[in-house]
Amino acid sequence: MACFFRRRIAAQLGCTLQQPEDAFIPALAAVPVFKKQQSADFKLSIATLRMSGILPSSGDIQLQAESLAARLKRDSVVEDVSAGRGVINFKVNRKLLVQKVLESFGKEEEGQFGLNSELLNTLTRGTTLVEYSSPNIAKKFHAGHLRSTIIGNFIANLKQCLGNNVIRMNYLGDWGMQFGLLGAGFAKFGCQEKLKQNPLQHLFEVYVEVNKDVEQNEEMMQAARAFFSQLEQHDSEAVSLWQQFREITVDEYQHVYKRLGVHFDIYSGESFHQQQAQQVVQKLQSQGLLKTSEKGTGVVDLSTAKDMSSVSTVLRSDGTTLYITRDLAAAIDRKEKYHFDEMIYVTDKSQAIHFQQLFHILLAMGHSWADRCEHVPFGLVRGMKTRRGEVVFLEDVLDEARARMLRNMNQSKTTKETVNPEDTAEKVGISALIVQDFRGPRESDYTFDWDRMLQAQGDTGVFLQYTHARLHRSDNGHTLWFYISIIAFTIACLAKWPFFRHG
């Protein structure tokens with residue numbers, strides 16, 4: 001549909017400048033949608049035309065833009081042409097735009113809308129592995145993991161809609177020193193009975209207590225190091241306790257993911273790559289990439305001048321592995337198992353340096369496919385609390401969203417009677433939670449606001465569901481109009497996200 005307009009603009013340019021229309025396609029770009037201001041639909045880069053030899057490379061670029069814009073005509077397709085700063089802006093006929101959208105729906109099979117368009121059929125399609133959510137076992141599922149879950153699921157859905165084979169992976173934080181702390185802490189503060197009654201809550205309480213104890217008690221830290229060392233040496237008692245913690249947590253999280261409408265093809269974790277991490281260390285050593293620091297840790301020099309000004313620590317002084325070591329092993333293992341064409345990690349922006357180092361080391365090891373790995377960062381959520389205080393688990397947030405939505409429904413005079421109001425409140429409340437996450441630029445921090453999230457007007461999940469319901473009540477064409485509303489909303493979201501504009 002967008003290609004129809006691009007072609008018509010290119011055709012007029014070709015007639016005006018006596019050039020083939022295909023020569024203008026690379027210089028024509030769609031303009032991102034902005035919520036609060038009117039903008040053109042397409043823009044033509046004069047600089048691109050100069051570089052391709054269509055326009056003279058000398059002379060004032062602005063005068064060239066104005067001169068060419070004056071020669072172009074308005075017609076039934078393009079209703080406005082204007083010169084900008086080194087560009088020419090085109091605004092297309094809105095009625096024709098709607099007709100073209102509906103036309104496309106009539107031609108495409110269900111779920112295939114747009115895939116065969118000129119705009120998308122040049123995309124390279126293959127296997128995309130998306131790692132997202134990735135909470136830490138036995139620790140609270142905080143707002144950062146919620147954002148990773150929402151954004152990662154969106155990316156996976158989008159990649160799948162574009163015709164890719166998508167592998168959805170939840171890479172659990174199920175290894176490392178936090179398990180040393182938890183194992184040692186459970187011996188002192190844990191209770192199997194409480195663990196049966198409220199598993200995640202009790203594990204979280206133990207983790208909080210042991211962290212307090214470590215600050216004042218060096219013996220507890222030594223016990224934690226000893227427990228983690230036992231884990232890495234596959235001590236049966238330590239492994240059994242760790243396995244119990246992991247199974248409990250995964251089972252609890254799966255219930256929450258089901259409420260969010262999120263699923264994973266693979267539940268992986270750091271623990272899957274213990275032996276491979278040691279193999280990575282050996283490989284780094286054999287390639288001459290591993291150095292020993294003054295503190296006795298194993299490091300890889302990432303500085304271009306090889307002056308140790310920028311290093312990544314991959315091994316503790318006691319020989320145990322680190323998060324990045326296991327990430328290196330995981331990346332290599334995934335490539336061998338799944339033969340992905342691209343791999344996307346969705347985590348908060350504080351991990352940007354970690355992934356820069358990860359990709360850098362992989363390339364240094366000779367894995368050229370690391371160029372096809374990407375970190376998609378996002379900003380932090382601030383102020384996410386329930387009435388009970390600080391959020392401990394994601395389930396608290398979902399329960400709160402349902403409860404607040406149910407209260408709003410009960411207080412509204414226009415609410416229709418439903419068979420199951422709690423189920424309706426659950427769906428609308430969770431929609432509101434997800435949509436609020438898409439409202440702003442992806443990499444910006446935002447302050448969570450329950451009242452704003454549950455508003456019935458504006459760019460909210462509540463209004464989206466309301467619009468959907470009303471469209472379904474119309475006598476005909478409701479499915480088409482619903483998809484149009486979804487597309488319009490999605491475009492508005494994507495326009496704010498650089499990853500989707502350029503990725």
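Is the crossing of helix 14 and helix 15 left-handed or right-handed?

1. The crossing of these two helices is right-handed (near helix turned clockwise from the far one by less than a right angle). The model is predicted, with local features needing pLDDT of at least 70 and side-chain atom pairs pLDDT 80 or more, while totals for chains, interfaces and linings use all residues. Residues are numbered from 1 along each chain as its sequence is written, and side-chain values use heavy atoms, without hydrogens and water.

2. Helix 14 (residues 394-411) packs against helix 15 (residues 421-438) at about 115°, the axes being 8 Å apart (helices are DSSP runs of H or I, at least four residues, and strands of E, at least two; axes are lines fitted to C-alpha atoms over the stretch in contact, with angles from 0 to 180 degrees between N-to-C directions). Residues in contact (heavy atoms within 4.5 Å) include Leu398 and Met405 in helix 14 and Val428 and Leu433 in helix 15.

3. In helix 8, the buried residues include Leu203, Phe204 and Tyr207 (buried: under 20% relative accessible area, 1.4 Å probe, protein chains only). Helix 9 (218-232) and helix 10 (236-260) are among the elements covering the buried residues of helix 8.

4. There are 13 aromatic pairs (ring centres of Phe, Tyr or the six-membered ring of Trp within 6.5 Å; planes under 30 degrees apart are stacked, over 60 edge-to-face, the rest tilted). Tyr132 and Phe264 form a tilted pair, 4.8 Å centre to centre with 40° between the planes. Tyr132 lies in the loop between strand 5 and helix 5 and Phe264 in the loop between helix 10 and strand 7, so the pair ties together parts 132 residues apart in sequence. Both Tyr132 and Phe264 are buried.

Terms used
Buried < 20%, exposed > 50% of the residue type's maximum accessible area, 1.4 Å probe, protein only.
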